[in-house]
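Welcome! Here is a short briefing to read alongside the sequence and the 3D view.

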Amino acid sequence: MVIAPAIWYKIYNMVTEKTNKAKPAGTVLGGRYELKGVVGRGGFSIVYEATDLKSGEKVAVKECTVLSEKERFLREAKMLADYAGESAIVRVIGYFEDEETAYIVMEFLEGENLRECIEHSGRWTMEEAVQRMAPVMETLGHMHSNNVIHRDISPDNIMVLGDGSLKLLDFGAAKQYEDSTLSRLVVKASYSPPEQMDAKGVFGSWSDVYSICAAMYFCITGKNPEDAISRLMIDDLQKPSELGADILPAAEKTLMRGMALDSKERIHDIALLRKELEKVYPILSEEEKLEIKRKSSAEEQQPCPRLQRL
Ligand SMILES: Nc1ncnc2c1ncn2[C@@H]1O[C@H](COP(=O)(O)OP(=O)(O)O)[C@@H](O)[C@H]1O
Ligand SMILES: [Mg+2]
């Protein structure tokens, strides 16, 4: 049975206890992290900029705001720690609990999330999207080979740093294929494939393929793609080229195959997705990237001043 995302969200909020109030600046958490301000909020958390009073380092502290999700939140921290060596994933420093809730401490990423970045700076060409997403796709391939899928790839869960590189955030929904424990349905309209909206849906690497293609669709069109539920009724997902995106036909075909509603028709494997896209837009070598960086002026690389003071 398929249930609309908005209804799931309502049910979820009714059965969970939620604390959405941000802690004031100056609060010291875990006897060590002094909060400076809020830099982001998700459905399950508040993310603060903080100073580690021990090292003086600027860090990000993510607070779990849905108390019934504390255990899952701590699993997220452990899962992130497993991938600490991956350059396309935010580096987790640690996690701790207090009598109220749980917190994850991460490196502070100077930049904007992908949604803010595209909204502020305009859409990318498909060539740019492929270049920037290639390391993220590689990292996802490593996760998939360990039977872990992210399940929540979206523009809000990818950070764009000042140098244009991307980092994947938010492992709150990541899951082992064979993990049989009951998990919340992860639904992000526009970015979740149909199998994630169905309690009996079979998810796998192909589910992340759908979401990463939907995120690339957003990068090149500036628009959220039509959500899977609406598409299941009438599939009138517009091709990016119809929305004026700068994309070659072969890459568009691949992107649309990555967003096929029927998982059997979808590109199944992230490595294959990357290979198909790289056939159209070969990935630049490090030297070529450096050359481009040298040419681009310093003003073009400004991280976003988005700290919202408390
Ligand atoms: N390490 C970080 N450094 C800077 N900003 C961050 C960091 N982690 C998260 N954010 C910001 O906080 C927002 C919400 O974080 P996220 O981990 O996605 O929370 P949720 O699980 O509640 O969705 C992100 O979209 C981003 O803007
Ligand atoms: Mg998030």
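Leucine 261 counts as partly exposed because it has 15 C-beta neighbours inside 10 Å; a residue is buried with 20 or more other C-beta atoms within 10 Å of its own, exposed with 12 or fewer, and partly exposed in between, with C-beta atoms placed from the backbone. This is a predicted model, in which local features need pLDDT of at least 70 and side-chain atom pairs count only at pLDDT 80 or more, while totals for chains, interfaces and linings use all residues. Residues are numbered from 1 along each chain as its sequence is written, and chains are lettered from A and ligands numbered from 1 in the order in which they are written.

**Around leucine 261**
- Leucine 261 sits in the loop between α7 (249-258) and α8 (270-280); helices (H or I, at least four residues) and strands (E, at least two) are DSSP runs numbered from the N terminus.
- Beyond its neighbours within four places in sequence, leucine 261 is in contact (C-beta atoms, placed from the backbone, within 7 Å) with Pro194, Ala228, Arg231, Leu232 and Asp235.
- Arginine 231 is 30 residues from leucine 261 in sequence, with 7.8 Å between their C-alpha atoms.

**The chain overall**
- The chain has nine helices and 12 strands.
- Buried residues make up 39% of its 310 residues.

**Ligand 1**
- Ligand 1 is surrounded by 19 residues, counted when the C-beta atom, placed from the backbone, lies within 6 Å.
- The closest are Gly40, Gly42, Ser45, Ala60 and Asp170.
- Two or more shell residues come from each of β2 (33-41), β3 (45-52) and β4 (58-64).

Definitions and conventions. Two residues are in contact if their C-beta atoms, placed from the backbone, lie within 7 Å.
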